[in-house]
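Colleague: Could you walk me through this one? I'd like to start with a helix and then jump around a bit.

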Amino acid sequence: SPDQTASARRREGYAAALAQNAISFDPALVQPGLFTYRSGLDAAEKLLALDVRPTAIFASNDDMAAAAVATAHRRGLDVPGDLTVCGFDNTSLATTIWPELTTVRQPISEMAGVAVALLTEAISSRRGGRKEQRDQHMTFDHVLIHRESTGAPPA
């Protein structure tokens, strides 16, 4: 999604991983989406219609990843035999589709707790007449949850 900070950060991570592995960035392999199942269907359809079809799709969230799995199945592709699919967020959807999604789990409770603390601190500072806090950027640990939607690329 063009208006989401998370989208920009995930794209930066993708570009950095490619660069670290001496792989050139191909803009055709990045399709926009709105973190919805419908936009995931559209994005996956475009990716899987390429002349040289990708062997893996990393979606920005689990809804879009589930849509990529559905699109692959509709096209007669085996997940993960023909296509690896990975999502992000580790929602309940990740374990209710077949095959179950490999996904990235974020520490949502910890992130929410820190956000509330920062907001509370900013409100207290403003009420106390102190200068506003400057933006803070924090990084939290994440975990890759391996499930059945990922495998070795086809030969």
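Colleague: What should helix α1 span at 1.5 Å a residue, and how far apart are its end C-alpha atoms?

Modeller: Bearing in mind that this is a predicted model, the 16 residues of α1, residues 5–20, should span 22 Å at 1.5 Å a residue, and the end C-alpha atoms are 22 Å apart, so the two agree.

Colleague: Which residues of α1 are buried?

Modeller: Ser7, Arg10 and Leu18 are buried in α1, and because they cover an arc of only 80° around the axis, they lie on the same side of the helix. The face turned away from that buried side carries Thr5, Arg9, Ala19 and Gln20, which are exposed.

Colleague: And what follows the helix?

Modeller: α1 is followed by Ala22, which has a positive phi, near 55°.

Colleague: Switching to rings, how many aromatic pairs are there?

Modeller: The count comes to two. One of them is Tyr14 with Phe25, an edge-to-face pair at 5.9 Å centre to centre and with 65° between the planes. Tyr14 lies in α1 and Phe25 in the loop between α1 and α2 (37–48), so the pair ties together parts that are eleven residues apart in sequence.

Colleague: What about Phe58 and Phe88?

Modeller: Their ring centres are 6.2 Å apart and their planes are at 85°, so that pair is edge-to-face. Phe58 lies in strand β1 (residues 56–58), while Phe88 is in the loop between β2 (84–86) and β3 (103–105), so the pair ties together parts 30 residues apart in sequence. As for accessibility, Phe58 is partly exposed at a relative accessible area of 49%, whereas Phe88 is buried at 12%.

Colleague: Which charged end sits over the ring of Phe88?

Modeller: That of Arg10, which is 3.7 Å from the ring centre; Arg10 is also one of the buried residues of α1.

Colleague: New topic: where is Val69, and what is it in contact with?

Modeller: Val69 is found in helix α3, residues 62–74, and is buried, with a relative accessible area of 2%. Leaving aside neighbours within four places in sequence, Val69 is in contact with Val79, Val85, Ile97, Trp98, Pro99 and Leu101.

Colleague: How far is Arg127 from Val69?

Modeller: Their C-alpha atoms are separated by 50 Å, and the two residues are 58 residues apart along the chain.

Conventions:
Residues are numbered from 1 along each chain as its sequence is written. This is a predicted model: local features need pLDDT of at least 70, side-chain atom pairs count only at pLDDT 80 or more; totals for chains, interfaces and linings use all residues. Side-chain values use heavy atoms; hydrogens and water are left out. Helices (H or I, at least four residues) and strands (E, at least two) are DSSP runs, numbered from the N terminus. The expected span of a helix is 1.5 Å times one less than its number of residues. Buried means under 20% relative accessible area, exposed over 50%, partly exposed in between (1.4 Å probe, protein chains only). The arc is that of the directions from the helix axis to the C-beta atoms. Contact means heavy atoms within 4.5 Å. Rings of Phe, Tyr and Trp (its six-membered ring) pair if their centres lie within 6.5 Å; planes under 30 degrees apart count as stacked, over 60 as edge-to-face and the rest as tilted. A charge sits over a ring if NZ of Lys or CZ of Arg is within 6 Å of the ring centre and within 35 degrees of the ring normal.
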